[in-house]
Amino acid sequence: EMRAAIHDNGDIRRFAQSLRCLSKVGTELSIETTEDQLIFRSLNQSQSAYVHFSFHRKFFHEQSWRADDEPIKCRVNLKACLASFKAVSSMSCFVIDIRPDKMYLRFRIESASGLKRVYTFDFEQQSNVLQADFSRDLCPNVVVAPARLLSKCLSSFRAGLTEVTLIPKEEQLLIVSYSDAEAGNLQNQLQTESAIQRSAFHKYHVSPKFYNAEITFPVSELRAMLSFCEHKDEDIHLFFRATGDPILLSNNADGSAWCCADTIVATLQDDNDDEEEEQAATQQAMSQSQYVSSQASDSESLLDDHYQAAAAHNYHDRQQQQRQQQQHHHHHQQQQLRRQHDDNASMVSASSGDTHSMMSFDSRATAMSKKKQQQHRHQRPQNLNDSVSSDAPSSAASLSYDYTGGADKRYAGSKRRLAEQNTDHDDDDDDEDGDDEYDSYVEPTPQAATMSQYPDAKRSRNRY
């Protein structure tokens, strides 16, 4: 918990003026407490301006926070806090109360007429607080001038001016209204210049190498700072370096006052510096591209070596697979040839046995047929005419004639027909070999006469 009180109307106005100066820059108020200070901070939306106010514990008439208390870091709405100081001229007492356990900030205001007002604001806890990295000891150029003098110079510029340019020279400081020639606005074409002699400053320390340097920054932050310094008729301190570096506006030289106000504003970059930076950036980009291209070439060579090694390995694998497939195919062919050879051998042995049996069977059948033919040839009558022309044959003779004579009749008829054919052929031409058709004739066997052709043969045999 932190509690502090101000009982002087002048100090209350100074406290309210600090809030107005902060509201010219940002919309949020960051509050931080240390061992012996209460600090207010604000940052604009574009982060080009930063305002820092520090109130020492001696600034307050009453204060209740201790050095060993845990620091408070919170954030509240700045416009809401500023609205509580509308009738600041009639205030006789102001009390600020911060309660981190209940998450609120409270303003207690008492007027000279005895009217008391209380304003309570909810705040948000902060773990980190933004701070500007800027040191006034590193600035070679310092200009100290009365706040009223600079306010009088700025009063001659038009109201809608947004930026001003400071041009330090050896014997004077020029304040010029900045206008953009490419904007095309007629109001921006109006350019105002104000010169302040070196003798009018309380301190004018500018390095010769920074003569004619153009320091351009927003004029709203400068006017807010001048308004705060004018309240106590204080001097304003300007700390700056080269073009494009931030400029510090402060109400004291070393920050040892009970109420310290610092405003850090960004400045515009010079066109020449932009060209130099662009050239440097281009050279750096070219060097980086060359380095990247060299790395890319090295990586490509490494990839080529890797791809070549992988291709050689794949080729070796494919060759080995092809050899294995050829060996497997050759082995399979050999197995097939062995099977065919074994099958052919078995078939040859079986066919030789069958041929031998068939030949023996054919020889036996031929021998039997020849033997039968001879037997039937001996049983024929010597003279066919005698057997046919007998008038009164016996029953036995007739039976034998009926059984064997039918074949002889056919034989006689075939022989007679063949004899007639031979006589006809002999009249036309002779045979080249000298053999007649009769010699090539094969006598039919008596077996050609079956029992169905001679139904009475069995009966006559039984009778015989």
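**Loops and helices in a predicted model**

Glutamine 47 lies in the loop between strand β3 (37-43) and strand β4 (49-56). Helices (H or I, at least four residues) and strands (E, at least two) are here DSSP runs, numbered from the N terminus. The model is a predicted one, in which local features need pLDDT of at least 70 and side-chain atom pairs count only at pLDDT 80 or more, while totals for chains, interfaces and linings use all residues. Residues are numbered from 1 along each chain as its sequence is written, and side-chain values use heavy atoms, with hydrogens and water left out.

Most residues other than glycine have a negative phi. Glutamine 47 has a relative accessible area of 60% and is therefore exposed; the term means over 50%, whereas buried means under 20% and partly exposed covers the values in between (1.4 Å probe, protein chains only).

The chain as a whole contains eight helices and 19 strands. Of its 464 residues, 31% are buried. Contact means heavy atoms within 4.5 Å, and among contacts between residues at least 6 apart in sequence, 65% join residues at least 24 apart.

Helix α1 comprises residues 9-23. The expected span of a helix is 1.5 Å times one less than its number of residues. For the 15 residues of α1 this gives 21 Å, and the end C-alpha atoms are 21 Å apart, which agrees. At the start of α1, a side-chain oxygen of aspartate 8 comes within 3.3 Å of the backbone nitrogen of glycine 10. Among the buried residues of α1 are Ile12, Phe15, Leu19 and Leu22.

How do α1 and α4 pack against each other? Their angle is about 175 degrees, and their axes are 10 Å apart; axes are lines fitted to C-alpha atoms, for helices over the stretch in contact, and angles run from 0 to 180 degrees between N-to-C directions. The two helices are therefore roughly antiparallel. Angles over 145 degrees receive that name, those under 35 count as roughly parallel, those from 65 to 115 as roughly perpendicular, and the rest as oblique. The residues that make the contact include Gly10, Arg14 and Cys21 of α1 and Ala224, Phe228 and His231 of α4.

Helix α4 (residues 219-231) also packs with helix α3 (residues 147-154), at an angle of about 140 degrees and with the axes 9 Å apart. The pair is therefore oblique. Where the two helices meet, the residues include Leu150 and Leu154 in α3 and Leu222 and Leu226 in α4. Cysteine 153 also lies in α3 and is buried, with a relative accessible area of 11%. Beyond its neighbours within four places in sequence, cysteine 153 is in contact with Ile175, Ser194 and Ile196. Isoleucine 175 is 22 residues from cysteine 153 in sequence and 8.2 Å away in space, C-alpha to C-alpha.

The 13 residues of α4 should span 18 Å, and its end C-alpha atoms are 19 Å apart, which agrees. Aspartate 233 is found in the loop between α4 and strand β17 (235-240).

Note on methods:
Polar contact = N/O pair within 3.5 Å; in protein donor to acceptor, adjacent residues only side chain to side chain.
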